[in-house]
Amino acid sequence: MLIAEETPTTDRPLRESVRDAIRSRIFEGHYAPGTRLVERDLAAEFNVSRLPIREALRMLRQEGLIQDRASRGSEVAGLSPKDVEDLFDVRQSLEVLACHLAAARATDKDLKHLARLLDEAERFLAKGSILEAHRANSEFHDAITAIANNDFLRTALEPLQGRMHWLFRHVDDLPELIQEHRDLYAAIASGDPELAATQSASHIGKYREQFPQNQPATELKLQGKRP
């Protein structure tokens, strides 16, 4: 059954609430890589019909979080070490471009939205709501892509967003990450595209170097297990 924060509002389609709930359970380790996702079982679990489940799975498939196996149907996708390296390669190219464009195109309203997401991340962290802090950090990156206002860039990033959010969650030092995001915000707010691109490349490169060491322990932590 959908929990309180997953309950759809009148202006939000049920399929999106279901998608977000399944995505959260993947990130939290409740649905580990290789877990079969059966429409009938999920419909019963969330107390909804099979149609929003089918639509939610379709959207998660587009994000790369689930995959189809001929003999098993839909299952949670995993990422090999090469997948992680490839994803960082793509992220380094596309997100640097997004920050470059965002610095040139951000309005005062856009900057206020980014600042609000950073404040949210810090508030959630102070309350010990780690999952919500991660969500705010992920939304910060998504907002930069929206501010870049390039449909081709958005289309290229859309199938990767779920897997990128998964990468964001493999960060142990959230206060440092939020500070890195504040530095990135300052570069975008400066209106200097080259400065924003340089800051973005530095930010991504730093966590790329840390990721192979962090991955095994962080994956277990997200699943509530000891390394």
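Read along the sequence, the chain runs α-α-α-β-β-α-α-α-α-α-α-α, with helices (DSSP H or I, at least four residues) and strands (E, at least two) numbered from the N terminus. The model is a predicted one, in which local features need pLDDT of at least 70 and side-chain atom pairs count only at pLDDT 80 or more, while totals for chains, interfaces and linings use all residues. Residues are numbered from 1 along each chain as its sequence is written, and side-chain values use heavy atoms, with hydrogens and water left out.

**Exercise 1.** State how many helices and strands the chain has, and what percentage of its residues count as buried.

Solution. The chain has 10 helices and two strands. Of its 227 residues, 43% count as buried, where buried means under 20% relative accessible area, exposed over 50% and partly exposed in between, with a 1.4 Å probe and protein chains only. Among contacts (heavy atoms within 4.5 Å) between residues at least 6 apart in sequence, 71% join residues at least 24 apart.

**Exercise 2.** Identify the residues that touch the most other members of the largest nonpolar core.

Solution. A nonpolar core is a set of buried Ala, Val, Leu, Ile, Met, Phe, Trp, Tyr and Cys residues joined through side-chain atoms within 4.5 Å. In the largest one, with 51 residues, Ile22, Tyr31, Leu42, Phe46, Ile53, Ile144 and Ile188 touch the most other members. Helix α4 (residues 81-105) gives the largest share of this core, 10 residues. A second, separate core has six residues, among them Phe124, Ala133, Leu177 and Tyr207.

**Exercise 3.** Describe how α9 is oriented against α6 and against α5.

Solution. Begin with α6 (residues 130-148) and α9 (residues 174-189), whose axes come within 12 Å and cross at roughly 20°; the axes are lines fitted to C-alpha atoms, for helices over the stretch in contact, and angles run from 0 to 180 degrees between N-to-C directions. α6 is therefore roughly parallel to α9, given that angles under 35 degrees count as roughly parallel, over 145 as roughly antiparallel, 65 to 115 as roughly perpendicular and the rest as oblique. By class, this contact of α6 with α9 has 10 nonpolar, four polar and no charged residues, where Ala, Val, Leu, Ile, Met, Phe, Trp, Tyr, Cys and Pro count as nonpolar, Asp, Glu, Lys and Arg as charged, and the others, Gly among them, as polar.

Turn next to α5 and α9, whose axes come within 11 Å and cross at roughly 170°, so that these two helices are roughly antiparallel to each other. The residues of the contact of α5 with α9 divide into 12 nonpolar, one polar and three charged, and the contact includes Asp119 of α5 and Arg182 of α9.
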